[in-house]
Amino acid sequence: MRTVRIENINSFVVISDVHLREPGDLNSQILLENLDKIKLKHYTKKIDAIIFLGDIFDFITVSKTFFIKIWVDVFDKIKELKNLGIKTIFLEGNHDFGFEHFHSKKLDDIFSYYGDFILEFDHPELGRTVMRHGDNLICLPSYQKPRAFFKSYLFQKIANLLVPGFLMHFICTNYAKRSRNKGETYNALTAPFLRNCLEDYFKIYNENNSKQINTLFLGHIHVYLKIVFQQVRLFVGPDWFSNPNYFVFYDSRENERIFTKNDNIKQFDISKS
């Protein structure tokens, strides 16, 4: 997976794993309301970037013309933020893909950067900061080949030509409902497994870059973490379905995770054996 480095990000918002399913549903309304709050806040406290850390949709796939049309309210709201001078950055998740290979003028008007990539920047207070959806980091090795296949240009091009957007939407949303009803893998996340994944990632990163990550933002795993692990600040948001939330950073004194319901959320215990 490629890494994109972006400069001049000091204040930012991170939104992850909303899993929007149908336009107009409760999740959509909550997201739109909070994007409006972020927009209003920008007038008094400048926000350099808003980073969508993957799985904003559940699913959005290869036919962008169809999905831009049905999610017009969400995309228009993001475009409003971009027009204010805020960098709008969309990192593909495993539930919203096709952005990497299907760039277009319409998407360029909505997002400053978008695709299947890892975001990296040097921050004056957080140091070397990495943001990634994390599905291919917090998953078993058997996940990598299917991921590469479904993310590939060949698959997406063929699917885009042969499968109408409305049919893809029907197939994917029904799959998402079934998998959530059965209980997805992140519901069974264990502390030792997460520790091993992170330790392996930090080791490989340090070897390849001769530098250490100072701050890591992850999506995908749907647990709440705000800890220092292996000398790395680690930020992960909890399950949006139980408590919609996003993270705001202005400076070291003013940064917090905003919860729309309550902030009495228990953190995932990474120390358990």
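Are E92 and K151 buried or exposed? Both are buried (under 20% relative accessible area, where exposed is over 50% and partly exposed is in between, with a 1.4 Å probe and protein chains only).

1. A quick word on the model. It is predicted, so to speak: local features need pLDDT of at least 70, side-chain atom pairs count only at pLDDT 80 or more, and totals for chains, interfaces and linings use all residues. Residues are numbered from 1 along each chain as its sequence is written, and side-chain values use heavy atoms, with hydrogens and water left out.

2. Let's stay with K151. You'll find K151 in helix 5 (residues 144-151); helices here are DSSP runs of H or I with at least four residues, strands are runs of E with at least two, and both are numbered from the N terminus. K151 has a relative accessible area of 9%, so this residue counts as buried. Leaving aside residues up to four places away in sequence, K151 touches E92, G93, N94, D96, F97, H101, D116 and Q156, where a contact means heavy atoms within 4.5 Å.

3. One of those neighbours is also a salt-bridge partner: E92 pairs with K151, with the closest N and O atoms 2.7 Å apart. A salt bridge is a side-chain nitrogen of Lys or Arg within 4 Å of a carboxyl oxygen of Asp or Glu. E92 sits in the loop between strand 4 (87-91) and helix 4 (105-110), 59 residues away from K151, so to find the pair you look at distant parts of the chain.

4. The structure holds 17 salt bridges. Another is E80 with K39, at 2.9 Å between the closest N and O atoms. This pair also links distant parts of the chain, as E80 is in helix 3 (residues 72-83) and K39 is in helix 1 (residues 26-44), 41 residues apart. E80 is partly exposed, at 28% relative accessibility.

5. Now try R128 and D122, whose side chains meet in a salt bridge (3.8 Å, N to O). R128 counts as buried at 11% relative accessibility, whereas D122 is partly exposed at 40%. Salt bridges that share partners join R5, E7, E120, D122 and R128 into one network.

6. Finally, have a look at L161 in helix 6 (residues 153-162). L161 is exposed, because its relative accessibility is 64%.
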